[in-house]
Amino acid sequence: MLREVTATRYITPLREGGSLPGLVEADDLGTYVVKFTGSAQGRKALVAEVIVGELARALGLRFPELVLVHFDPAVAGHEPHQEVQDLLRASAGLNLGMDYLSGARDFTPEVAEAFDVDPLEAGRIIWLDALTVNVDRTTHSSNLMIWPTLGVAPPKLWLIDHGAALVFHHRWDASSPQKAYDFRRHALGGHTPDTRAADAELAPRVTAELLRAITAEVPDAWLADEPGFATPDEVREAYVGYLLARVGASAAWLPTDFPTREQLAGEDAHRAAKTRRGRPDWLKRVPDLHGEPAPEQDWSVHLG
Ligand SMILES: Nc1ncnc2c1ncn2[C@@H]1O[C@H](COP(=O)(O)OP(=O)(O)O)[C@@H](O)[C@H]1O
Ligand SMILES: [Mg+2]
């Protein structure tokens, strides 16, 4: 079971991503990155964090410990930002914490250039992301960190942030377990990932028993009142059933032909040129600060 702790101090919001997690100290003297039930991403993001993160751990990938955090907004009375206060006030009760990796660095494109990733490890991570339809592990939002960074031991790759995985739970009835996974902008696509070896190794390990044990870790309160389901256990079974069906259909979604960095750069240049051509003359001289979202951020393509 996930350990339970009680927040004793809210330190600061983390603004790199979109969900405004907070750095929090707890009564076990641990420091945690806390995802709040009151965030715009909602409790389904927390469900995805638990299921995909614990699946990653069970498959041997590096993933910090998760804990359930009892949170009283009174511990953040000093926080000056109104939008943070609103979020915290909407999140009294049980939230999700991840062990804070002190000094960890985000796996940015610059870090990725200089960091060797084992092709099998890259393959395993992409396989997990494709299985769980994680649309938020792209080159520009990798949700990977390297740690430790102080030189005491060689830095290794750690997974974080699976809040945008399991996109099918936004539309249970319309989502096929065979659906292809859009992997072209995956953060590890340039590291010669061996996804076939990962599939052969990991698929047999994703059993109904393992998935039942993992979904049992999700608190009932985050699964209650899901439209179309009578009980939290019915929702758990839906996750188990969907993931089992998907793992058995890996031939339909296994990413294999990764574009090279040069190909991606060429596509970007082509797209930028097309956008420029479509603009009126006066706009061609203005930088495009408010254009369409980059394709890697257009999550709607993963639904349905
Ligand atoms: N366990 C952790 N240890 C250290 N830093 C973290 C950890 N989890 C998140 N962070 C930092 O906080 C940022 C935002 O966290 P993330 O889980 O990606 O939330 P969001 O949903 O906002 O994208 C990350 O990009 C990373 O820099
Ligand atoms: Mg993130």
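Modeller: Strand β1 (residues 3-13) and strand β4 (residues 66-71) run parallel, joined by four bridges. Two strands pair if DSSP finds at least two bridges between them. Strands and helices are themselves DSSP runs, numbered from the N terminus: E over at least two residues for strands, H or I over at least four for helices. Across this pairing, Glu 4 stands opposite Leu 68 in β4.

A word on the source. This is a predicted model, in which local features need pLDDT of at least 70, side-chain atom pairs count only at pLDDT 80 or more, and totals for chains, interfaces and linings use all residues. Residues are numbered from 1 along each chain as its sequence is written, while chains are lettered from A and ligands numbered from 1 in the order in which they are written.

β1 has another partner. Five bridges tie β1 to strand β2 (residues 22-26), and this pair runs antiparallel. Here Arg 9 faces Glu 25 in β2. Lys 35 stands opposite Leu 96 in β5.

Put together, five strands make a closed barrel in the order β1-β2-β3-β5-β4, with mixed pairing. Neighbouring strands of this sheet are turned by 55° against each other on average, direction ignored. Such angles run from 0 to 180 degrees between N-to-C directions; the axes are lines fitted to C-alpha atoms, for helices over the stretch in contact.

There is also an open sheet. Three strands form it in the order β6-β7-β8, with antiparallel pairing. β6 (105-106) and β8 (156-159) are at the edges with a single partner strand each, so one side of each has no neighbour in the sheet. β6 is joined to β7 (residues 144-147) by two bridges. Arg 105 sits opposite Ile 146 in β7.

The loop between β7 and β8 holds Pro 148. The peptide bond from Trp 147 to Pro 148 is cis, with omega near 0°. In the loop between α4 and β7 lies Val 133. Val 133 is not a glycine, yet its phi is positive, about 50°.

Now the helices. α1 (residues 42-58) packs with α6 (residues 208-215) at an angle of about 130°, with axes 9 Å apart. That makes α1 oblique to α6. The cut-offs: under 35 degrees counts as roughly parallel, over 145 as roughly antiparallel, 65 to 115 as roughly perpendicular, and the rest as oblique. α1 passes α6 in a right-handed crossing. A crossing is right-handed if the near helix is turned clockwise from the far one by less than a right angle, and left-handed if anticlockwise.

α4 (residues 119-131) and α5 (residues 195-202) pack at about 65°, with their axes 8 Å apart. That makes α4 roughly perpendicular to α5. α4 also passes α5 in a right-handed crossing.

Last, ligand 1. Its shell draws at least three residues from each of domain 1 (3-99) and domain 2 (105-253); domain bounds come from an automatic or database domain assignment. Of the 18 residues around ligand 1, Glu 16, Gly 17, Ser 19, Leu 101 and Asp 161 come nearest. A residue is near if its C-beta atom, placed from the backbone, lies within 6 Å. The shell divides into nine nonpolar, five polar and four charged residues. Ala, Val, Leu, Ile, Met, Phe, Trp, Tyr, Cys and Pro count as nonpolar, Asp, Glu, Lys and Arg as charged, and the others, Gly among them, as polar.
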